[in-house]
Amino acid sequence: MDRRQFLGMATGSALAATAGMPSTTRAGDTSMTTTETSYALTRPAYVDHSHLVVTDVSLVSSFYQSMLGLKVIEKAASGEVLGVDGTPLLTLTTGKDVRVAPRDAAGLFHTAFLMPDRTELARWLRHAAQNNVVLDGASDHLVSEAIYLSDPEGNGIEIYADRPHGQWKFHEDGQVEMATLRLDLQTLYDSAPQDAWNGMADGTAIGHIHLQVGDIPEADAFYRDVLGLMLMARYPGASFFATGGYHHHVAANIWNSRGAGTRSDGMTGLSDYALRFNDTAALDKAIAKLDELEIKSEKRGGGVFLRDPWGIGLTLSA
């Protein structure tokens, strides 16, 4: 298929990964500059790892390696750990009792891989086009440019690059202005350097994780009121949470999962993820709130492990 046809088709499906959010065309293109360390990772807390349960580790791992450019860091009988430059980002495991989660179950909407800069996003898009990667959509969110796809078992993925923090607009209440506009994939593709793509660049990280939950007020009560994340934006059926003025480290929506209950053991999809705290005082405050509300937690792997109201595992650590 001609590359321009490929990109045109992908751009036309921009709502596939962002249902329920308005989409219009953005005039022009705002450039992004490279930063030494992604702003998302310098905040009081950030997402640094995601763990998916899959039915076929080899198949899914091969996809993340060949199409996303992650490298295998560790292998075991039950799964693999993948990452960038020796930094673990994604764990894939399986088991004999694993069963496929229904589409409306609570769990993962997408894991969002944050590129160090716009050039790396363009370089990845060029790789995707040359390898006929099927895209689910692409959007300009004002604070970032994002491309959406799914792994072979339907786990959502976002590949994105942030615009410089100084270009973001904030409202008087502290919330950030975001939107879902049409992303010009062709212009992004044309900006990519004509060099070899050797996988995800050093500095690539999980910028945020987007969850499917059963109820937004309950998500607000947990992520904002218990864990202490700030509500940074709200859309119909979705809330976006972060620390330190980032647009979002964690998002929660009910677009597919309204009324969903607790996840069952052995269900495919998101098993758990990790929030790492640069600010130990914020971590101590969150742990104290868990104790105050008698929310079950346990020390595990150098952090505190708990589950959100839908059974999604979460580790808090410094």
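This is a predicted model: local features need pLDDT of at least 70, side-chain atom pairs count only at pLDDT 80 or more; totals for chains, interfaces and linings use all residues.
Residues are numbered from 1 along each chain as its sequence is written, and side-chain values use heavy atoms, with hydrogens and water left out.

Student: How many aromatic pairs are there?

Tutor: Rings of Phe, Tyr and Trp (its six-membered ring) pair if their centres lie within 6.5 Å; planes under 30 degrees apart count as stacked, over 60 as edge-to-face and the rest as tilted. By this rule the count of aromatic pairs is nine.

Student: Which kind of pair do phenylalanine 109 and tryptophan 255 make?

Tutor: Their ring centres are 5.5 Å apart. The planes of phenylalanine 109 and tryptophan 255 stand at 75°, so the pair is edge-to-face.

Student: How many residues apart in sequence are the parts that this pair ties together?

Tutor: Helices (H or I, at least four residues) and strands (E, at least two) are DSSP runs, numbered from the N terminus. Phenylalanine 109 is in strand E5 (residues 107-114), and tryptophan 255 is in the loop between strand E13 (250-253) and strand E14 (269-277). The pair therefore ties together parts whose separation in sequence is 146 residues.

Student: Is phenylalanine 109 buried or exposed?

Tutor: Buried means under 20% relative accessible area, exposed over 50%, and partly exposed in between (1.4 Å probe, protein chains only). At 14% relative accessibility, phenylalanine 109 counts as buried.

Student: Which residue has its charged end over the ring of phenylalanine 305?

Tutor: A charge sits over a ring if NZ of Lys or CZ of Arg is within 6 Å of the ring centre and within 35 degrees of the ring normal. Here the charged end is 3.8 Å from the centre of the phenylalanine 305 ring, and it belongs to arginine 300.

Student: Which residue lies over the face of tyrosine 39?

Tutor: Tyr39 forms one aromatic cluster with Trp168, Phe170 and Tyr246. At 4.0 Å from the ring centre of tyrosine 39, over its face, lies arginine 43.

Student: Which residue has its side chain joined to that of threonine 93 by a polar contact?

Tutor: A polar contact is a pair of N or O atoms within 3.5 Å; within protein, one must be able to donate a hydrogen and the other to accept it, and residues adjacent in sequence count only if both atoms are side-chain atoms. Threonine 93 lies in strand E4 (residues 87-93) and is buried, with a relative accessible area of 17%. At 2.7 Å, the side-chain partner of threonine 93 is histidine 51.
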